[in-house]
Amino acid sequence: MLYYLLKYINDLFHPPVLRVIEYLTFRASAAAITALLITLFVGPGFINYLKSRIIEPIKEEAPPEHRKKKAVPTMGGLLIIFSIEISVLLWSKFNDPHVWLIMLAVLWMGVIGFIDDYRKVVLKIKGGLSARYKLIGQVTLGLVIGLYTWFDPAFSVLLSTTTVPFFKYLTIDYGIFYIPIVIFIITAVSNAVNLTDGLDGLASGSSAIVVMGLGGFSYLAGNAVYASYLNIPFIAGGGEIAVVCMAIVMSCVGFLWFNSNPAEIFMGDTGSLALGSAIAVIALLIKQELLLPVMAGIFFLETLSVSLQVLYFKYTKMRFGQGRRIFLMAPLHHHFQLKGWAEQKIVIRFWIVTILFFLASLMTLKLR
C-alpha cells in the first residue's frame with residue numbers, strides 16, 4: 001500500500017528522492033526493517049497478553065529440561081504472521097501473483113496451526129488438531145497453489161519444468177505429476193519445520209537463514225541477465241519475492257529477540273506451519289524446490305531422523321519382538337539434548353550447519 005502511495009506521489013510530483021521506490025533492493029530493505037520493528041514493538045505487549053491466557057502444554061515424552069518451560073506462552077506465530085503481512089502489504093507490489101500466493105500459504109497454514117494450538121492450550125484437547133485434518137489443510141493448500149499456477153498463463157511458460165541442482169543442463173518435466181508434487185512439497189516442508197520447532201530459537205533462526213537464501217535466489221531469478229548468466233530459470237516478476245523473503249527473515253529475527261533461550265514465547269504450530277509452507281511455495285515459484293534438501297538441509301535431517309526412528313522401531317519389533325531405536329529420541333535435536341548437550345549449544349550448532357547448507361546451495365550456481 002505504501003509502495004503504491006509513494007509511486008503515485010512520485011508520478012505526480014516527481015520528487016527525486018522517491019525514485020528509489022522502484023528499486024527492489026530498497027523495498028526489500030524497507031520491508032525487512034518494517035517487519036523487525038513491528039515484531040520488536042508489538043512483541044512485549046503481545047507476550048504479556050498471552051501469558052495470562054495461553055500457556056504451552058509440555059509433552060509427557062519431552063526431555064526433562066522442558067519441564068521448566070511450562071509457564072511459557074505459545075501461539076507466537078501470530079506475531080510473525082502479523083509482521084510479515086503488514087510489511088509485505090506496505091512495500092510489495094501486492095497485485096503480483098507470486099506475492100499473494102506466498103501470503104496465502106502463510107495465512108492458510110497459520111490458521112491450521114492456530115486451530116491446533118488453540119485446541120491444545122485453550123480447550124485442553126490432548127494432541128490438538130488431529131493429523132488427518134492437518135494433512136487435509138496441507139493437501140488443500142497444495143491443490144490450490146498447484147491448480148492456480150497450472151491454469152494462470154503467467155506461470156505457464158516454465159510451469160512443470162524445473163532445474164536439477166549441480167547439473168548445468170539437466171531439467172525435469174513433471175508433466176501430469178506437477179500438482180501432486182506441489183502438494184507433496186508443501187506438506188513435507190511445512191511438517192519438517194514443525195518437527196524442528198522443539199528448542200528455543202531453533203526453528204525461527206533456521207527459517208531465517210533458509211529464507212534469506214531463497215530471497216537471494218529469487219532476486220537472481222527475477223533478473224533476466226543474472227538468470228541467463230547463472231543458468232537458472234528466469235521468473236518474470238520473481239524478483240518481487242525477494243521483498244517477501246526479507247520480510248519473513250526479519251520477522252523471524254525479531255521473534256528471536258523473545259524466542260532465544262530462555263524463551264519468553266513459543267511460535268507453536270501457528271508459526272512453524274506458516275513458515276514451512278512459505279518456504280515450500282517460494283521454492284516452487286522460483287523453480288528451486290529440488291534444492292530444498294540442500295538449502296533447508298537441517299529440516300530434511302530432522303524429518304529423516306523421525307522417519308528412520310519409526311521405521312527401525314517397527315522393523316526391529318517385527319523381527320525381534322521388541323522395538324529398538326537409532327536415536328535416543330527423535331527429532332534429532334532431542335537426541336543431542338539427551339546426550340547432555342546444552343540447549344543453547346544445540347541451537348547454535350544447528351544454525352551453523354544451516355549456514356553450511358546455505359553456502360553449499362550457493363555453490364550450485366557456479367557448478368551449473
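**Exercise 1.** Which residues do ring pairs link into a cluster with Trp 341?

*Solution.* The model examined here is predicted. Ring pairs join Trp 341 with Phe 336 and Phe 350 in a cluster. The ring of Trp 341 also has a charge over it: the charged end of Arg 349 sits there, 4.7 Å from the ring centre. A further case of this kind involves Tyr 133, whose ring lies under the charged end of Arg 132 at 5.9 Å from its centre.

**Exercise 2.** Describe the aromatic pair formed by Trp 100 and Tyr 148, and state where its two members lie.

*Solution.* A pair of aromatic rings is described by the distance of the centres and the angle of the planes.

- Step 1, the count: the structure has seven aromatic pairs.
- Step 2, the geometry: for Trp 100 and Tyr 148 the centres are 5.0 Å apart and the planes make an angle of 70°. Because an angle over 60 degrees counts as edge-to-face, the pair receives that label.
- Step 3, the location: Trp 100 belongs to helix 4 (residues 97–121) and Tyr 148 to helix 5 (residues 131–151). The two residues are 48 residues apart, and the pair thus links distant parts of the chain.
- Step 4, the accessibility: Trp 100 has a relative accessible area of 29% and is partly exposed; Tyr 148, with 28%, is partly exposed as well.

**Exercise 3.** Identify the residues that touch the most other members of the largest nonpolar core, and list the contacts of Ile 248.

*Solution.* The core comprises 90 residues, among which Ile 102, Ile 248 and Ile 279 touch the most other members. Helix 9 (residues 240–259) makes the greatest contribution to this core, with 12 residues. When neighbours within four places in sequence are set aside, Ile 248 is in contact with Ile 84, Val 211, Leu 275, Ala 278 and Ile 282.

**Exercise 4.** Is Ala 71 buried or exposed, and where is it found?

*Solution.* Ala 71 lies in the loop that runs between helix 2 (24–51) and helix 3 (77–91). Its relative accessibility is 54%, and Ala 71 therefore counts as exposed. Ser 52 is 19 residues from Ala 71 along the chain, and their C-alpha atoms are separated by 9.9 Å.

Terms used: Residues numbered from 1 in each chain as written. Predicted model: local features only at pLDDT ≥ 70, side-chain atom pairs only at ≥ 80, totals over all residues. Heavy atoms only, no water. Phe/Tyr/Trp six-rings, centres within 6.5 Å; stacked < 30°, edge-to-face > 60°. Helix = DSSP H or I, 4+ residues; strand = E, 2+ residues; numbered from the N terminus. Buried < 20%, exposed > 50% of the residue type's maximum accessible area, 1.4 Å probe, protein only. Lys NZ or Arg CZ within 6 Å of the ring centre and 35° of its normal. Core = buried A, V, L, I, M, F, W, Y, C linked by side-chain atoms within 4.5 Å. Contact = heavy atoms within 4.5 Å.
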